[in-house]
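Welcome! Please take a moment with the sequence and the 3D view before reading on.

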Amino acid sequence: MAIVRVLVAVACAMVLTAPATAATTPPDEYRPATMMMRYDVEGLAAAVHAPRTLVGVRPLVFLPRGSEAHALELASRGSVVVLVDDRFALGGHRDLWRALGTGTGPLAERFAGFAGHFSVAEP
């Protein structure tokens, strides 16, 4: 009988708190936690926006510098976004991330947690 009371109390607590939480967070203002890191290796500089917690394989998106708002939006939806400083060096950035995907290259130490959690689209 005590277990039934505990289960009923937990269910009531969930029902009572769920609507209040949903009502205070408008959908267009909700942003999951994201992080931003920079790298400057081999003459290639970029800022990386990504979800704080990487689960599964996420899309990898390259954007030119100046697209920060779009990068934050994509990162909040689960993408790994690389804002490149020089859009003409995009191939070099792709090569860095391809190497990271195998756990090697100059990004491997700093971005080790990303390995296995993104896919580089082939042109």
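Here is a short briefing on the sheet, the cores and the salt bridges.

This is a predicted model, in which local features need pLDDT of at least 70, side-chain atom pairs count only at pLDDT 80 or more, and totals for chains, interfaces and linings use all residues. Residues are numbered from 1 along each chain as its sequence is written, and side-chain values use heavy atoms, leaving out hydrogens and water.

**The sheet and a helix**

- Five strands form an open sheet with mixed pairing, in the order β1-β2-β4-β3-β5; strands pair if DSSP finds at least two bridges between them.
- Helices (H or I, at least four residues) and strands (E, at least two) are DSSP runs, numbered from the N terminus.
- The edges belong to β1 (34–41) and β5 (118–119); each has a single partner strand, so one side of each is left without a neighbour in the sheet.
- Eight bridges join β1 to β2 (residues 44–51) in the antiparallel sense, and Tyr39 stands opposite Ala46 in β2.
- Helix α3 (residues 90–101) lies across β1, β2, β3 (58–64), β4 (80–84) and β5, at about 55° to β2. Axes are lines fitted to C-alpha atoms, for helices over the stretch in contact, and angles run from 0 to 180 degrees between N-to-C directions.

**The nonpolar cores**

- A nonpolar core is a set of buried Ala, Val, Leu, Ile, Met, Phe, Trp, Tyr and Cys residues joined through side-chain atoms within 4.5 Å. Buried means under 20% relative accessible area, exposed over 50%, and partly exposed in between (1.4 Å probe, protein chains only).
- The largest core has 24 residues, and those with the most contacts inside it are Tyr39, Val80, Val82, Trp97, Phe111 and Phe114.
- Two or more residues of this core come from each of β1, β2, β3, β4 and α3.
- Apart from it lies another core, of six residues, including Ala47 and Leu63.

**Salt bridges**

- There are five salt bridges, each a side-chain nitrogen of Lys or Arg within 4 Å of a carboxyl oxygen of Asp or Glu.
- Asp85 pairs with Arg65, their closest N and O atoms being 2.9 Å apart. This links Asp85 in the loop between β4 and α3 with Arg65 in the loop between β3 and α2 (68–76), 20 residues apart.
- Arg77 and Glu73 meet at 2.4 Å, N to O; Arg77 counts as exposed, at 63% relative accessibility.
- Within helix α3, Arg98 and Asp95 lie three residues apart, about one turn of the helix, and form a salt bridge at 3.3 Å.

Methods:
Contact = heavy atoms within 4.5 Å.
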